[in-house]
Amino acid sequence: MTIVEAPPGITGGVDTHLEVHVAAALDPLGRLIGSESFTTDAKGYRELLEWLRSFGDVTKVGVEGTGSYGAGLARFLRRQGVHVVEVTRPNRQARRNSGKSDALDAIEAARAALSGKASGHAKTRDGAAEAIRALVVAKRSARQARVKALVQMRHLVVSAPDELHQRCKGLSVAALIDEAVSMRPDRSPDPVTAATKSSLSSLAKRIRFLSAELASLDEKIAALVAAAAPELLALFGLGPDTAASLLVAAGDNPERLHSEAAWARLCGVAPIPADSGKVRGHNRLHAGGDRQANSALWRIVMVRIAHDPETRAYFERRVKEGRTKRDVIRILKRYVAREVYRHLPRG
């Protein structure tokens with residue numbers, strides 16, 4: 001519904017969902033021109049952009065959830081030459097004060113983009129980093145399923161009938177899987193023993209399948225990482241897994257990270273001032289950012305402390321000076337983030 005006629009220069013905002021996106025249009029003064037709903041498919045994306053352009057030249061569009069429900073729309077808008085701004089959801093206090101509706105969320109997204117409150121460039125999700133992310137999702141799922149199956153096997157062995165319990169007790173993971181695969185449930189007259197053997201055999205075969213799947217995914221991820229960022233792999237302590245986590249965090253357009261400080265913030269290793277009251281000159285740990293990238297930096301630091309003499313000497317010296325181990329690790333993570341930033345692929 002049109003409220004006022006808009007002068008040239010339109011800012012859009014989109015509240016994204018699985019089936020329907022709700023868009024709002026603002027004029028340069030932040031006045032609402034209108035809001036409308038569109039389907040989440042190619043036809044809906046075209047109609048949304050045509051609707052925005054019907055009010056004038058579109059300068060930018062703030063999109064919520066560019067990494068999930070809004071990923072397809074963000075890709076489409078960028079291909080059409082529209083500047084896409086990544087918008088976080090409205091804060092809870094604002095929602096309590098103003099109410100909650102898709103139209104209101106779309107308006108807030110547009111206002112955040114217009115005011116500059118939201119200024120982050122969305123990930124393009126159209127290159128090697130997105131391909132790596134897709135494989136990492138499958139790998140993480142397969143690894144979790146494999147661990148769960150192994151735990152279930154161990155639990156079954158603990159509660160198994162005595163003969164079967166003694167047969168499997170104390171075996172290594174590989175030996176337990178081999179033993180379980182060779183079991184023949186139909187040869188056991190006791191129904192509990194037969195059922196336990198059948199379950200152990202099924203879980204063991206599942207683990208073998210998942211292990212083969214993990215090996216295949218590892219090869220694919222390593223090949224993509226080596227092609228996308230060979231300089232990153234050359235750094236001490238970085239393997240394909242840690243490099244993959246960092247590349248996924250950076251995205252396919254790392255130029256959107258305007259500085260290494262912004263990259264450190266994204267990775268959750270930027271110190272946050274905590275000067276208040278009697279506390280002076282204290283920095284607390286930043287608990288935000290991409291937790292997978294933060295974990296990757298932690299692993300790199302741990303490897304360097306264990307195997308790099310220079311890093312180990314620095315760590316020990318700072319601890320002797322009175323720093324806590326946690327503080328020194330934070331400092332080292334910040335240093336590694338700075339080093340990694342210099343080697344991120346640039347277009």
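Predicted model: local features only at pLDDT ≥ 70, side-chain atom pairs only at ≥ 80, totals over all residues.

Student: Why is Ala 222 called partly exposed?

Tutor: Its relative accessibility is 26%. Buried requires under 20% and exposed requires over 50%, so Ala 222 counts as partly exposed. The residue is found in helix H8.

Student: Which residues of helix H7 are buried?

Tutor: In H7, which spans residues 173–181, the buried ones are Leu 176, Ile 177, Ala 180 and Val 181.

Student: What makes them line one face of the helix?

Tutor: Looking down the axis of H7, the buried residues fall within an arc of 130 degrees, so they line one face. An α-helix has 3.6 residues a turn, so residues three or four places apart point the same way.

Student: What do the buried residues of H7 pack against?

Tutor: They pack against three helices: H5 (128–158), H6 (162–168) and H8 (191–228). Contact here means heavy atoms within 4.5 Å.

Student: What is the volume of the largest pocket, and how many residues line it?

Tutor: The volume is about 680 Å³, and 24 residues form the lining. Glu 86, Lys 123, Ala 249, Arg 256 and Leu 266 lie nearest the centre of the pocket. Strand S6 (120–121), H5, helix H10 (240–250) and helix H11 (260–266) each give two or more residues to the lining.

Student: How do the lining residues divide by type?

Tutor: The lining of the largest pocket has 8 nonpolar, 8 polar and 8 charged residues.

Terms used. Residues numbered from 1 in each chain as written. Heavy atoms only, no water. Buried < 20%, exposed > 50% of the residue type's maximum accessible area, 1.4 Å probe, protein only. Helix = DSSP H or I, 4+ residues; strand = E, 2+ residues; numbered from the N terminus. Arc of directions from axis to C-beta. 1 Å grid on protein atoms, 1.4 Å probe; cavity = no way out; pocket = protein on both sides within 12 Å on 5 of 7 lines; lining within 4 Å. Points joined across faces, edges and corners; volume = space filled by probe spheres on them. Nonpolar A, V, L, I, M, F, W, Y, C, P; charged D, E, K, R; others polar.
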